[in-house]
Amino acid sequence: MGVSAYLKLSIVVALVTIALKTGAWWLTSSVGLLSDAMESVVNLAGAMFALAMVIIAARPPDEDHPFGHHKAEYFSSGFEGTLIFAAALAIIWAAVGRLLAPQPLERLGLGLALSVLSSVLNGVLAWGMLKKAREHRSVALEADARHLFTDVWTSAGVVIGLLAVAATGWLWLDPLLAIAVAANVAREGWSLVRRSADGLMDRAVEPAVQQQIDAVLAGFAHPTTLRFDHVSTRRAGQRLFVDLHMHMPPGWTLQRAAALRSSVEQALMAEVPGLRATIQLLPMDVEAHFDDQAERVL
Ligand SMILES: [Zn+2]
């Protein structure tokens with residue numbers, strides 16, 4: 001099975017999980033189970049957005065989008081993150097109300113059975129994804145699998161908590177669990193929003209990648225005949241961009257300069273996969289001033 005097949009399977013499993021856990025909440029009226037169902041919505045959103053990324057972001061550049069479609073993912077992650085964050089707050093609100101006015105739980109056995117069933121489903125999927133991720137060394141798939149395992153533990157916590165409610169009659173335990181789970185969901189929703197905001201505002205590449213780029217340039221630079229400056233980077237989804245100046249002696253032929261630029265480009269792309277370099281050729285003592293701003297930020 002390929003990565004996109006796993007993503008489609010994740011979507012199906014997330015939908016089934018949401019149905020089972022919502023059913024469990026409806027049967028028992030436990031806010032803990034409702035909160036746990038919300039956690040699966042995060043997985044559904046995550047898988048849908050990963051799949052959209054695979055489909056849309058992989059589309060080649062066209063006339064209207066000459067730089068490609070790599071930023072498409074940020075629309076969906078921003079939208080989904082906002083919805084998830086808002087829903088988590090609504091659950092916390094409901095749970096606080098329940099904490100103040102406790103309500104007995106009903107048909108707990110059946111509700112917990114549904115919850116356990118959905119956890120088993122998620123556990124099996126996570127295990128399969130982890131195996132696949134190791135075969136293909138896919139960091140994204142591995143992250144998804146680990147997230148899914150965390151959910152299985154969260155659900156187990158809720159089930160154990162509800163068993164404790166049944167054993168002790170401590171009704172306040174249910175909303176308390178709901179608040180803990182919902183707080184985690186809110187955190188995840190918020191991180192989706194932040195991630196899309198970073199992407200839309202052209203955040204620079206990670207410092208480690210920046211260092212790789214600097215090292216490649218340093219390998220070519222020469223104190224008197226070759227200088228690189230105005231280096232600025234940005235990330236758009238999986239694609240990385242770097243813009244920079246290459247300053248050289250004014251007497252060099254264009255042919256010589258272009259050949260060197262090509263070597264620098266190739267070295268950069270070999271060092272950083274997915275990098276697209278735009279290199280301006282300039283004489284040693286001439287500067288292009290339109291992007292002085294960018295230099296100060298870096
Ligand atoms: Zn310059």
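Predicted model: local features only at pLDDT ≥ 70, side-chain atom pairs only at ≥ 80, totals over all residues.
A polar contact is a pair of N or O atoms within 3.5 Å; within protein, one of the two must be able to donate a hydrogen and the other to accept it.

The domain assignment divides the chain into domain 1, residues 3-200, and domain 2, residues 207-297. The C-alpha centres of domain 1 and domain 2 are separated by 43 Å. Where the domains meet, eight residues of domain 1 are in contact with eight residues of domain 2. The area buried between domain 1 and domain 2 amounts to about 600 Å², and carbon and sulfur atoms contribute 52% of it. Between the two domains, the count of residue pairs in polar contact, with both residues at pLDDT 80 or more, is zero. On the side of domain 1 that touches domain 2, four residues are nonpolar, two are polar and two are charged. The number of salt bridges between domain 1 and domain 2 is likewise zero.

The side chain of Asp62 reaches two backbone nitrogens: that of Asp64 at 3.1 Å and that of His65 at 2.8 Å.

Notes. Residues numbered from 1 in each chain as written. Heavy atoms only, no water. Domains from an automatic or database assignment. Contact = heavy atoms within 4.5 Å. Buried area = accessible area lost by both parts, 1.4 Å probe. Salt bridge = Lys/Arg side-chain N within 4 Å of Asp/Glu carboxyl O. Nonpolar A, V, L, I, M, F, W, Y, C, P; charged D, E, K, R; others polar.
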